Amino acid sequence: MGIAVMLLTVAIVVGFQISIRDKVEGFNADIQINKLDDNNSMEPAPINRFQPAIEDLKKLPEVNHIQVYATKNGIIKTKKENEGVILKGIGSDYDWTFIKKNLTKGHVFYPVDSVSGNGIIISQSIAAELDADTGSKLLIFFVTRTRNADSTKSYGYEQRVKTFYVKGIYHTGLDEFDRQVVFVDIAQIQSLNFWTSKQVGGFEVTCKNFKKVDSNEAAINKVIGQDLEATSIRKVNSAIFSWLDLQNTNEYIIITLMVIVSAIAMISALIVLILENASMIGLLKALGMTNWGIQKIFIMDGAYLILLGLFFGNVAGLSLCFIQSHYGLIKLSQETYYISQVPIYLNWKYVTALNAGAFISCMAMLILPSFITSRIKPAVTLKYE
């Protein structure tokens, strides 16, 4: 039971962390590169699209893909509702894998760098709020800073409106992002901000191994120079990743409790075995066997019981993991947990480490009770035979 619970705990916790992490990555990539300034808004200052360092970044061993992006705040207006959103402008180099995986209706659009498209991808929750569907016409209002005609230094603000047509609807279950992010052609953001086609908000970098995202951030910062800054997804969405890291604490507590309970059960079983075979112990001592020799017999017997328990525990735990991962019998509230069913992630390294750790811990705790055999005296036990 102990090893089965530990396997399920690790599989569920790691599966949950990976599921949420993949969704956050889908919206923001692993690392963002922006202009180095004090602007902390959702609308970063523009940078040149053709950075010399980009080709050097592509040569880094951990870099998987690089794409341009830009963001802008807006308000979607229909006849019935208004909805504040963040427009994420993407270019022809955008990787649609994540959105396609979560697309529930319609299709994605493919920007052409020389032509400004009016397609938009919105979430299922936004579509429901606005009573919109694929093909629906959406008016989005913006407040844009623009240079005054009579001055080269002062800036004014004006309201602008653009028309978009819904091409696709996605649903990830990550409500914090679903209710905010819509995808449009980056040319639309450039037009609204009075940028040229060479100006973008920044670059997004996906890495081959998420575990190395912090070291990759440092490596990228060394390449891009002083005018740009690379920021990892763990910093951009620090609240979410801090919450995910807290799940490890629950995992460690459950595993520790299961190891302790399993060890206590084995200690109790060994003590019962020793007491039941007290006369045999006395006879073996009378025949000249040493205390350590007798201890080894019971420790080996305990090891057999542990291995037997590990076998059946692994069969039970892995079977439950297999059933849940393939059939998803246990459902979750997506509004609360961001996923629709209990996630399972199995890695043989985790399975091996859990089994080895449980076996070593239980064996170590069997050594102390095995010393009870040294307290048994042949004269006393054989007297009543």
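Reader: Which residue meets Asp175 in a salt bridge?
Author: Arg179. The side chains of Asp175 and Arg179 pair at 3.1 Å, N to O. A salt bridge here is a side-chain nitrogen of Lys or Arg within 4 Å of a carboxyl oxygen of Asp or Glu. This is a predicted model, where local features need pLDDT of at least 70, side-chain atom pairs count only at pLDDT 80 or more, and totals for chains, interfaces and linings use all residues. Residues are numbered from 1 along each chain as its sequence is written, and side-chain values use heavy atoms, with hydrogens and water left out.

Reader: Asp175, buried or exposed or partly exposed?
Author: Partly exposed, because its relative accessibility is 33%. The cut-offs: buried is under 20% relative accessible area, exposed is over 50%, and partly exposed is in between (1.4 Å probe, protein chains only).

Reader: What about Arg179?
Author: Arg179 is at 34% relative accessibility, so it counts as partly exposed.

Reader: Which side chain does Glu129 meet in a salt bridge?
Author: That of Arg179, at 3.6 Å, N to O. Glu129 sits in helix 4 (residues 124-130) and Arg179 in the loop between helix 5 (175-178) and strand 9 (181-185), so the pair ties together parts 50 residues apart in sequence. Helices (H or I, at least four residues) and strands (E, at least two) are DSSP runs, numbered from the N terminus. Glu129 has 34% relative accessibility, so it is partly exposed too.

Reader: Switching to Asp22. What does its side chain meet?
Author: Arg21, in a salt bridge of 3.6 Å, N to O. Asp22 counts as partly exposed, because its relative accessibility is 32%.

Reader: How many salt bridges come out of that rule?
Author: Ten.

Reader: Now the whole chain. How many helices and strands?
Author: The protein chain has 14 helices and twelve strands. Its radius of gyration is 31 Å, well over the 21 Å the globule rule gives for 385 residues, so the chain is more spread out than a compact globule. That radius is taken over C-alpha atoms, and the rule is 2.2 Å times the number of residues to the power 0.38.

Reader: What box do the C-alpha atoms fill?
Author: Roughly 115 × 45 × 30 Å, along the principal axes.

Reader: How much of the chain is buried?
Author: Buried residues make up 44% of the 385.

Reader: And contacts, what share joins residues at least 24 apart?
Author: 76%, among contacts between residues at least 6 apart in sequence. Contact means heavy atoms within 4.5 Å.
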